[in-house]
Amino acid sequence: MTRYLIRRLILLALTLLLTSVIIFTLTQLLPGDIARLILGRDASDVALQEFRVANGLDQPIPTQYVMWLTDFLRGDWGNSYDRGNFEIRPHVITRLENSLRLALFTIIIAIPLAILLGVIAALRRDGVLDSVISISTLAAVGLPEFVTAIILTTLLAGDRTPYRFASTAFVTSNMALEDWIRILTLPALTATLVLLGYITRMTRAGVIDEINKQYVRTAILKGLPPRVVIFKHVLRNALLPTITVIAISTGWLIGGLVVIEQVFNYPGLGRELIQAVKSKNVPLIQALVLIMVFFYAFANLIADLMYAMLNPRIRFE
């Protein structure tokens with residue numbers, strides 16, 4: 001297992017290194033002069049040149065990349081020149097914390113519900129309940145995220161609802177748990193409905209494949225209760241393909257909720273990236289994208305490790 005973990009960590013490091021090259025190259029291709037964007041249109045040529053020399057922008061592209069990556073690894077992510085001259089690192093970490101809260105809240109709702117629905121659909125295969133679950137979850141996936149968000153806002157944040165959830169996020173540093181629940185519920189439910197169809201169908205297919213195998217019949221013939229057979233034996237093998245879907249979904253929850261964060265005005269990584277792109281804030285774009293890619297890659301690493309723990313053949317192969 002240790003050798004397998006080392007190989008996966010090396011692959012993760014190489015993935016992030018290649019991604020950093022791509023990110024830096026693409027941001028260099030963005031139209032506009034960074035020095036003029038920062039100093040303004042009225043800056044003189046002398047001031048622009050002094051700024052380029054001071055920040056290494058006069059160096060060749062490979063040299064600029066090495067300088068940027070070295071500073072990033074040391075924790076110096078640069079300063080933003082949009083919405084005030086603030087330090088990027090603490091700003092991004094704050095947005096990351098908000099995204100992690102939303103991702104965790106969504107996972108707590110989505111994954112147990114999707115697995116439960118998948119098991120029920122598999123046990124009622126080709127029945128009415130199976131059809132209802134399949135059609136409803138696929139319909140939820142098919143709806144655009146902003147449409148789902150509007151529907152949930154109308155139902156749960158209207159004047160006539162007994163407990164009004166927040167339709168827009170007003171986040172402060174010292175909020176109570178109840179306030180976080182009010183803010184996170186609607187974005188989390190929207191993301192849950194997006195994920196529900198994929199995870200439910202993967203779970204359903206895995207359970208149907210496993211319950212037809214010989215070891216399940218043997219366990220039932222030995223007198224084990226069906227609930228024990230399903231949740232202790234069948235799910236262990238049935239969830240192997242689902243783990244990859246859950247891992248990819250977790251990475252998406254941290255950095256990919258762009259539309260949902262925009263609709264609910266939630267200050268996460270996705271919404272911050274949209275604002276950075278609009279203002280052509282290159283240092284902030286680089287930091288945000290690299291952090292997002294890291295969590296995507298890290299989520300897949302966790303999925304591979306869980307897969308290996310549940311299936312020893314993966315470790316040895």
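Which residue does Lys213 form a salt bridge with when the closest N and O atoms are 3.0 Å apart? That partner is Glu210. Keep in mind that this is a predicted model, so everything below is read off predicted coordinates.

**Salt bridges**

Put together, Asp209, Glu210 and Lys213 make up a network of salt bridges.

How exposed are the members of that network? Glu210 counts as buried because its relative accessibility is 6%, and buried means under 20%. Asp209, with a relative accessible area of 45%, is partly exposed, and Lys213 is partly exposed as well, at 35%.

Elsewhere, Arg125 and Asp126 bring their side chains together in a salt bridge, at 4.0 Å from N to O. Arg125 is partly exposed at 48% relative accessibility, while Asp126 reaches 65% and counts as exposed, since the cut-off for that is over 50%. Across the whole structure the search turns up 6 salt bridges, including the ones tabulated here.

| Salt bridge | N to O distance |
|---|---|
| Lys213 and Glu210 | 3.0 Å |
| Arg125 and Asp126 | 4.0 Å |

**The cavity**

Now for the empty space inside. Rolling a probe the size of a water molecule over the atoms shows where such space is left. With a threshold of 30 Å³ or more, a search of the whole structure gives 1 cavity, and the volume of the largest cavity is about 30 Å³.

Which residues line the largest cavity? The list runs Ile107, Ala110, Ile111, Leu195, Ile199, Ile246, Ser249, Thr250 and Leu253. Sorted by class, that makes 7 nonpolar and 2 polar residues, with no charged ones.

H11 gives the most, with 4 residues.

**A nonpolar patch outside**

Back on the surface, Ile6, Ile10, Leu14 and Leu17 form a nonpolar patch. Together these four have about 370 Å² of accessible area. One of them, Leu17, sits in helix H1, which covers residues 2-28. Is Leu17 buried, partly exposed or exposed? Leu17 counts as partly exposed, because its relative accessibility is 42%.

Technical notes
Residues numbered from 1 in each chain as written. Predicted model: local features only at pLDDT ≥ 70, side-chain atom pairs only at ≥ 80, totals over all residues. Heavy atoms only, no water. Patch = residues over 30% accessible without salt bridge, like charges linked within 9 Å, V, L, I, M, F, W, Y side chains within 5 Å. Areas by Shrake-Rupley, 256 points an atom, 1.4 Å probe, with all protein chains shown as cover. Helix = DSSP H or I, 4+ residues; strand = E, 2+ residues; numbered from the N terminus. Buried < 20%, exposed > 50% of the residue type's maximum accessible area, 1.4 Å probe, protein only. 1 Å grid on protein atoms, 1.4 Å probe; cavity = no way out; pocket = protein on both sides within 12 Å on 5 of 7 lines; lining within 4 Å. Points joined across faces, edges and corners; volume = space filled by probe spheres on them. Nonpolar A, V, L, I, M, F, W, Y, C, P; charged D, E, K, R; others polar.
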